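Reader: I am new to this structure and would like to learn how to read it. Could you take me through some of its features, one at a time?

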Amino acid sequence: MLPVLLLITLFMSLALLLLRRDLRSVLLFLAVGSITFFLYTISVYIAKKGGITDFTTFVLYGNNRVRQKLMYQVFTMNRLGFMMAIGRYLSPYFLLLSSLNMAGKLNKSNLIKKGLLLFILPLMGILIYIPQFFETFSSNPTAMGIVVTVTKIWIILYLTISILMMIIELWGTKLSFFRLRFIMKFMIILSLVMIYGLFFPQDPAQVYLFYRNDYMWMLGLWYLHRGFSSGFNYVVMMGALLSGILSMASLIRYFSITFGEEVAEVKIRREISSTARGVSMFVHGTKNDLLATRILLDKVKKNYPEDCDIERLSQINASLVTRLEKLNKSLKVNSIRLRPASMMDVIEECKKRVRENFCNYQINVNTEETTKLILADTTFLSEALYNIIQNGIEATLDNKRHDPIDIQVKYGRMWVEIVFSDRGKGIDRKLKKHLWEPFHSSKNSSTNWGIGMYFTRLVIKRHLGSISFRLRRDGGTSFIVMLPLAGEGRK
């Protein structure tokens with residue numbers, strides 16, 4: 001049963017690697033692969049040794065047929081012992097590298113330096129268990145005892161640091177968006193450490209000394225020793241099984257979220273690519289026609305200054321030009337220039353726009369005093385965030401309510417989280433799939449072209465940020481914008 005869970009976990013880590021192709025997915029795949037390889041060698045050894053309960057057989061093999069197949073695989077003890085040593089010493093190494101990467105302490109720039117430093121102990125362990133080298137000190141009980149003890153100490157140290165790094169990072173992550181994501185990563189590392197931790201006392205020395213009677217039982221198979229009760233054995237096997245289930249479920253969940261985001265990103269890029277050129281030509285041509293119409297209207301207005309219809313036509317013409325300029329602007333976000341700015345200055349600009357278009361509609365801003373800055377093009381970013389506020393106000397009014405729009409600003413170590421909450425009816429299920437796509441809208445198409453949220457997302461992406469949404473339990477919608485911090489400003 002456990003091998004099946006690990007194989008599914010290994011497959012999901014491979015799928016994640018093919019999807020993301022980044023350092024994090026590579027390290028996670030190597031960690032899962034090395035643990036799977038280590039447990040495979042243990043399963044072969046236990047199958048050959050025998051003397052296990054039916055429940056242990058179920059956990060480690062699934063059924064007796066698999067156990068017997070492994071039992072009759074042709075392996076010399078030296079070869080099996082060396083294979084076990086490779087899996088045993090690479091597993092904590094890749095687990096530690098994965099946890100350091102997820103905690104933001106390891107990246108491509110320092111991978112070689114830190115990777116080589118942390119690889120010294122695993123490499124020494126692997127070299128010692130090369131069959132020719134192992135024979136030189138296995139006849140010396142003192143030397144072998146020192147190697148066994150030192151090995152256990154550094155493995156426990158690596159596993160402890162892996163968990164501590166994840167706990168420290170989780171404790172320091174205050175922003176809800178990143179905290180929820182990091183919990184998934186933490187559960188993956190924790191479950192893998194638990195699986196490996198239950199079996200790592202299996203020392204390859206016991207495999208090398210399979211036909212000798214002078215080795216200590218503590219070299220391996222400690223959970224099967226007759227000195228422990230059958231209940232203890234049951235607890236260990238159940239722990240391994242539950243850890244395997246947790247590891248598989250966590251990685252599947254992490255992959256599904258990542259895959260969903262990648263699919264949505266590709267779909268939106270295709271939508272933009274297929275429509276941007278045609279829209280740009282349409283905007284340019286139509287705007288020229290409207291400007292020509294404005295000139296004609298101005299001439300007619302001079303001849304008939306009291307005609308109300310002409311004045312109304314001029315207003316409609318001006319409104320169309322403004323909307324076309326906004327559409328054209330949404331297609332030219334390459335002109336964004338990022339500079340250090342205060343998040344509150346951007347919010348104040350949004351509130352100014354609200355006062356101009358919605359009189360004195362109430363906007364509640366909850367934030368903390370800080371000198372932290374973001375990198376932003378204030379004009380573009382305030383326009384993008386205003387779109388969120390505008391949609392929230394319209395949704396609240398459509399729901400026949402006048403509740404204020406709540407804006408909550410939280411600062412983390414590297415990011416700022418801005419949450420916009422309204423009291424509308426929420427987002428329709430059909431619209432959720434197309435929310436970020438251009439020209440999709442639930443509003444009247446004669447007054448809305450469905451580019452607001454597309455433009456907002458595009459601008460935030462160009463600010464190296466992200467945007468998501470969630471439905472509120474008490475009604476309405478919350479949009480969550482994440483933007484990277486750029487250091488401290490002057491007090």
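**Reading the features one by one**

Author: Gladly. Let us begin with a helix. Trp 154 and Tyr 158 both belong to helix H9, residues 141-172, where they are four residues apart, about one turn of the helix. Please keep in mind that this is a predicted model.

Reader: Are Trp 154 and Tyr 158 buried or exposed?

Author: Trp 154 is buried, and Tyr 158 is buried as well.

Reader: How should I read a pair of aromatic rings?

Author: A pair of aromatic rings is described by the distance of the centres and the angle of the planes. This structure holds nine aromatic pairs. In one of them, Tyr 129 and Phe 134 have ring centres 5.5 Å apart and planes at 20°, so this pair is stacked. Trp 154 and Tyr 158 form an edge-to-face pair, with 5.0 Å from centre to centre and 70° between the planes.

Reader: Which residues form one aromatic cluster?

Author: The cluster is made of Tyr 89, Tyr 129, Phe 134, Trp 154 and Tyr 158. Tyr 129 has 1% relative accessibility, so Tyr 129 counts as buried. Phe 134 counts as buried too, because its relative accessibility is 3%.

Reader: Which ring has the charged end of Arg 353 over it?

Author: That is the ring of Tyr 386, and the charged end of Arg 353 sits 4.3 Å from the centre of that ring.

Reader: Now for polar contacts. Which side chains does Asp 203 contact?

Author: Start with where Asp 203 is: in the loop between helix H10 (176-199) and helix H11 (204-208). Its relative accessibility is 0%, so Asp 203 counts as buried. A polar contact of 3.1 Å links its side chain to that of Arg 88. Another, of 2.6 Å, links the side chain of Asp 203 to that of Tyr 129, a residue of the aromatic cluster.

Reader: What should I know about strands?

Author: In a regular strand the side chains alternate between the two faces of the sheet. Here, strand E1 (residues 339-341) and strand E3 (residues 372-376) run antiparallel, joined by three bridges. Pro 340 has Leu 375 in E3 as its bridge partner. E3 is also joined by two bridges to strand E7 (residues 477-488), again antiparallel, and Lys 372 has Glu 488 in E7 as its bridge partner.

Reader: How many bridges join strand E6 to E7?

Author: Six bridges join E6, residues 466-471, to E7, and these strands run antiparallel. Ser 466 stands opposite Met 482 in E7. The hairpin of E6 and E7 has five residues between the strands, and Gly 475 there takes a positive phi near 95°.

Reader: How far does helix H1 reach?

Author: Helix H1 (residues 2-20) has 19 residues and spans 27 Å from its first C-alpha to its last, close to the 27 Å expected at 1.5 Å a residue. Its buried residues include Leu 2, Leu 5, Met 12 and Leu 17. Just after H1 comes Arg 21, with a positive phi of about 55°.

Reader: One last case, please. Where is Tyr 234?

Author: Tyr 234 is in helix H12, residues 230-303. At 44% relative accessibility, Tyr 234 counts as partly exposed. Tyr 234 and Phe 55 are 179 residues apart along the chain, and their C-alpha atoms are separated by 7.6 Å.

How values were computed. Residues numbered from 1 in each chain as written. Predicted model: local features only at pLDDT ≥ 70, side-chain atom pairs only at ≥ 80, totals over all residues. Heavy atoms only, no water. Phe/Tyr/Trp six-rings, centres within 6.5 Å; stacked < 30°, edge-to-face > 60°. Buried < 20%, exposed > 50% of the residue type's maximum accessible area, 1.4 Å probe, protein only. Lys NZ or Arg CZ within 6 Å of the ring centre and 35° of its normal. Polar contact = N/O pair within 3.5 Å; in protein donor to acceptor, adjacent residues only side chain to side chain. Pairing = 2+ DSSP bridges. Expected span 1.5 Å × (residues − 1).
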